[in-house]
Amino acid sequence: MTVNAAEVVTLLHSRLLESRDPAAAEDLFAPDFVSHNMPPGFPPGVPGVMRFFEMFRAAFPDVQVTIDELVADGDRAAIATTMTGTHTGEVMGMAPTGRRVSVTGIDVVRVEDGRIVEHRGLTDTVGLMRQLAS
């Protein structure tokens, strides 16, 4: 059975973000996965992805990610999301504020053989920091 790009992205969100299943990374990302937008100081590849998700789960333990739009064409999927959560842990050097935030993001992934091999994305980090600082 062939898994298309939209199915892989949907599985990623349900397993890694909603269920917080750490095995999802090994199942859904290729060993040679490349992210073109890894934050500074994060390791490349799957370890960097896991560290990123761990950081957000620690800072926003009640995080929920809503898929606003999902478009797939061939081996690529583009996804627009909204992340909401309460800031109860440190994130990017900022101490917990207890504030509820909402942050949008857009990601484009390329899938081969049912696994994510490449990622490009933008998260509204400025919007996040504004919400935490106000």
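User: Which residue in β3 stands opposite Glu-69?

Analyst: This is a predicted model, in which local features need pLDDT of at least 70 and side-chain atom pairs count only at pLDDT 80 or more, while totals for chains, interfaces and linings use all residues. Residues are numbered from 1 along each chain as its sequence is written, and side-chain values use heavy atoms, without hydrogens and water. Strands are DSSP runs (E, at least two residues) and helices likewise (H or I, at least four), numbered from the N terminus; two strands pair if DSSP finds at least two bridges between them. The residue opposite Glu-69 is Ala-80.

User: Over how many bridges do β2 and β3 pair?

Analyst: Strand β3 covers residues 76-86, and Asp-73 stands opposite Arg-76 in β3. In the hairpin of the two strands, Gly-74 takes a positive phi near 60°. The pairing of β2 and β3 is antiparallel, and the number of bridges is 9.

User: In what order do the 5 strands form the open sheet?

Analyst: The pairing in this sheet is mixed. The edge strands, each pairing on one side only, are β1 (29-35) and β2 (64-73). The order is β1-β5-β4-β3-β2.

User: At about what angle to β1 does helix α3 run?

Analyst: Axes are lines fitted to C-alpha atoms, for helices over the stretch in contact, and angles run from 0 to 180 degrees between N-to-C directions. Helix α3 (residues 45-59) lies across β1 and β3. Its angle to β1 is about 75°.

User: How do the residues lining the largest pocket divide into nonpolar, polar and charged?

Analyst: A pocket is an open set of points on a 1 Å grid over the protein atoms alone, where a 1.4 Å probe fits, with protein on both sides within 12 Å along at least five of seven lines; lining residues have an atom within 4 Å of a point. Among the 36 lining residues, those closest to the centre include Phe-52 and His-119. Ala, Val, Leu, Ile, Met, Phe, Trp, Tyr, Cys and Pro count as nonpolar, Asp, Glu, Lys and Arg as charged, and the others, Gly among them, as polar. The lining divides into 24 nonpolar, 10 polar and 2 charged.

Technical notes
Contact = heavy atoms within 4.5 Å.
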